[in-house]
Amino acid sequence: MEKYIWFIPLLPLLGFFINGLGRNTFSKSMIGTIGSGLVFVSFILSVLVFMNVPSGAGAQPMIFHAFDIINFKSIQIPFSFQIDALTSLFLLVITGIGFLIHVYSSAYMHDDEGFGKFFAYLNLFIFFMLILVMGSNFFMMFIGWEGVGLCSFLLIGFWFKNRDFVGAAKKAFIMNRIGDVGFLLAMFWIYREFGTLQYTEVFGLLSTTHISTFAIGGITLLLFLAATGKSAQVPLFTWLPDAMAGPTPVSALIHAATMVTAGIFLITRCNELFELAPYTKEIIAWIGIITSLTTATIAMRQNDIKKVLAYSTVSQLGLMFAALGMGAYVAAVFHVMTHAFFKALLFLGAGSVIHGMHHEQDMTKMGGLKKYMPTTHITMLIGCIAIAGIPPLSGFFSKDEMLLSMFLGNKAIYAIGFIVSVLTSFYMFRLYFMTFSGKLRDESVHPHESPKAMTIPLIILAVLSIVGGWVGIPELFMKNAHRLNEFLSGVVIPHGEPHHISHATEWMLIGALLSCVAVAILLANKWYNGKVDKEATGLAKVLENKWYIDEIYQAAIVSPLIGLGNFFKKYVEKSGIVRLVDGTGDLSYVISKNIKTVQTGNIGMYILLMVIGIVAGLGIFFFGII
């Protein structure tokens with residue numbers, strides 16, 4: 001493995017340099033081939049890693065050391081990779097979904113003047129995400145963490161001539177910086193307590209070194225703050241829907257396979273730390289489920305097809321965090337994988353709709369598109385069924401496992417998760433019926449199916465959305481068929497006695513949920529098949545305006561900060577600092593103007609002053625007085 005492991009992140013980085021330098025000289029087909037081809041080779045190498053990685057209970061991670069980033073007597077931080085079951089799984093998702101998005105982008109972005117620059121940014125994004133999951137220590141993860149934040153800024157604001165898009169990019173960048181402060185402080189605290197940043201050493205010391213409850217709680221809360229920023233949880237979630245300002249392939253990359261999953265990876269990687277902090281886990285669970293419910297309700301009244309999917313992503317991430325709070329790390333990672341399949345499918349499908357509708361994103365102007373876009377229609381229907389959690393598609397297995405962990409851990413959180421799951425099926429089928437059913441509402445548009453470079457990735461993702469959940473079939477359906485649980489058992493160490501639940505109770509929970517999901521789909525069909533919402537009033541108006549959360553942030557945080565900045569600018573900077581600087585110059589001028597009068601040109605006066613100076617110096621030297 002050591003012969004090829006370094007090439008997995010190196011090849012996308014090479015693609016960044018080649019396409020970045022040759023963006024104005026290479027043809028678009030060459031740029032697309034280089035960008036997509038290098039990521040595909042990384043995917044093949046990731047498959048080899050997956051096939052050879054140690055897995056199962058007792059498996060030891062493989063460490064590959066390249067050089068030392070910092071090497072002092074007091075601190076050593078190596079540039080090294082840690083390859084284990086968790087890393088190998090994320091490698092497959094990042095490079096596999098990333099490759100399909102690159103292929104899709106070659107058609108979607110073909111007419112854009114920044115085609116070469118776009119592919120360079122995509123390659124760089126993949127590189128930093130790979131560094132994030134492959135690093136063997138917190139410092140390496142932080143390099144990748146900051147890198148994906150930078151790339152998200154570049155890609156969200158890719159069409160920088162639009163001021164609103166630039167504002168969305170800045171919003172994402174600033175909100176992520178808040179979480180990054182938490183990561184930095186956690187990293188410093190970890191080094192202070194453990195004397196190292198290496199994962200294996202930190203987790204190994206947990207059982208042999210006494211670390212105070214306060215320290216464990218503080219470190220885990222700061223790490224969760226970092227995850228909150230990157231994975232868009234309350235209160236740092238409003239940047240993610242605004243990230244729709246970027247091109248649709250960017251939305252798919254950020255929301256499905258890379259950036260937003262970083263928080264889930266971080267907490268799962270540090271599961272041994274979090275298991276020692278029960279209060280932190282409870283906070284994680286409640287923040288996650290509140291985020292999930294809030295954004296699910298918002299998604300019910302959005303008409304922009306990409307905004308619906310954006311709020312859906314935040315809602316699904318909230319469910320994953322609720323599962324993490326219950327200690328169901330494997331279930332959360334399982335949903336990361338299945339969610340990557342069907343959410344990438346839905347975003348790329350939405351991009352296909354936007355492309356076919358000549359850049360129209362408003363669902364109220366769509367309708368009847370299944371006649372014009374059959375491939376896009378079928379694949380998006382599969383995505384909607386998968387995310388609704390209907391068996392035997394992938395979303396059913398991972399969502400069922402997360403909800404079961406909530407049922408066993410906290411009945412109130414389970415009840416909210418149940419409601420969120422029903423709302424998810426409602427707003428996703430609302431999207432489906434408003435887009436594909438009935439008649440075309442805007443007769444001036446002539447829809448058309450997308451080219452094969454866009455539809456083939458949709459077909460592949462649709463197949464994965466169908467079969468992707470079969471790696472985690474629960475005991476209820478088949479004994480010893482949950483391969484993922486066994487695969488990750490060496491990374492996610494179980495603590496305490498496992499909970500047991502009867503199959504009859506499980507069947508009852510599944511039956512109740514699927515019944516409510518079916519009702520939600522029937523209601524969506526009744527209200528939105530060939531129809532759109534009437535003008536919103538009351539609660540519907542509140543949901544349409546996203547609970548006015550952006551306005552609350554603007555009034556409570558942004559405007560006061562801007563006001564405080566203007567106050568300091570006017571009264572501290574201009575009236576204080578600027579006057580002080582100018583006053584220093586004026587004082588120097590006045591002093592020099594008066595001192596120069598001593599320069600009379602009279603030699604006798606100069607000799608007298610020199611004698612006085614000598615006498616004063618001797619007096620100080622010998623007697624301490626003048």
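Hi everyone, let's start with a contact: Trp145, Val148 and Gly149 in helix 5 meet Ala226, Ala227 and Lys230 in helix 8. By class, the residues of this contact of helix 5 with helix 8 come out as four nonpolar, one polar and one charged. Before I go on, please keep in mind that this is a predicted model.

So how do the two helices lie? Helix 5 covers residues 138-156 and helix 8 covers residues 213-230, and their axes come within 12 Å and cross at roughly 25°. Angles under 35 degrees count as roughly parallel, so helix 5 is roughly parallel to helix 8. And for anyone turning the structure on screen, the crossing of helix 5 and helix 8 is left-handed.

Now, on to a pocket. I picked the second largest pocket, which holds about 560 Å³ of space. Which residues lie nearest its centre? Those are Lys171, Met175, Tyr553, Gln554 and Val558, out of 17 residues that line the second largest pocket.

Where does the lining come from? Helix 6, residues 163-194, and helix 23, residues 549-595, each supply at least two residues of the lining of this second largest pocket. Helix 23 gives the most, with seven residues.

To recap, we have helix 5 running roughly parallel to helix 8, and a second largest pocket to which helix 23 gives the most lining residues.

Methods. Residues are numbered from 1 along each chain as its sequence is written. This is a predicted model: local features need pLDDT of at least 70, side-chain atom pairs count only at pLDDT 80 or more; totals for chains, interfaces and linings use all residues. Side-chain values use heavy atoms; hydrogens and water are left out. Axes are lines fitted to C-alpha atoms, for helices over the stretch in contact, and angles run from 0 to 180 degrees between N-to-C directions. Helices (H or I, at least four residues) and strands (E, at least two) are DSSP runs, numbered from the N terminus. Angles under 35 degrees count as roughly parallel, over 145 as roughly antiparallel, 65 to 115 as roughly perpendicular and the rest as oblique. A crossing is left-handed if the near helix is turned anticlockwise from the far one by less than a right angle, and right-handed if clockwise. Contact means heavy atoms within 4.5 Å. Ala, Val, Leu, Ile, Met, Phe, Trp, Tyr, Cys and Pro count as nonpolar, Asp, Glu, Lys and Arg as charged, and the others, Gly among them, as polar. On a 1 Å grid over the protein atoms alone, a cavity is a set of points where a 1.4 Å probe fits but cannot get out, and a pocket is an open set with protein on both sides within 12 Å along at least five of seven lines; lining residues have an atom within 4 Å of a point. Grid points are joined across faces, edges and corners, and a volume is the space filled by probe spheres set on the points.
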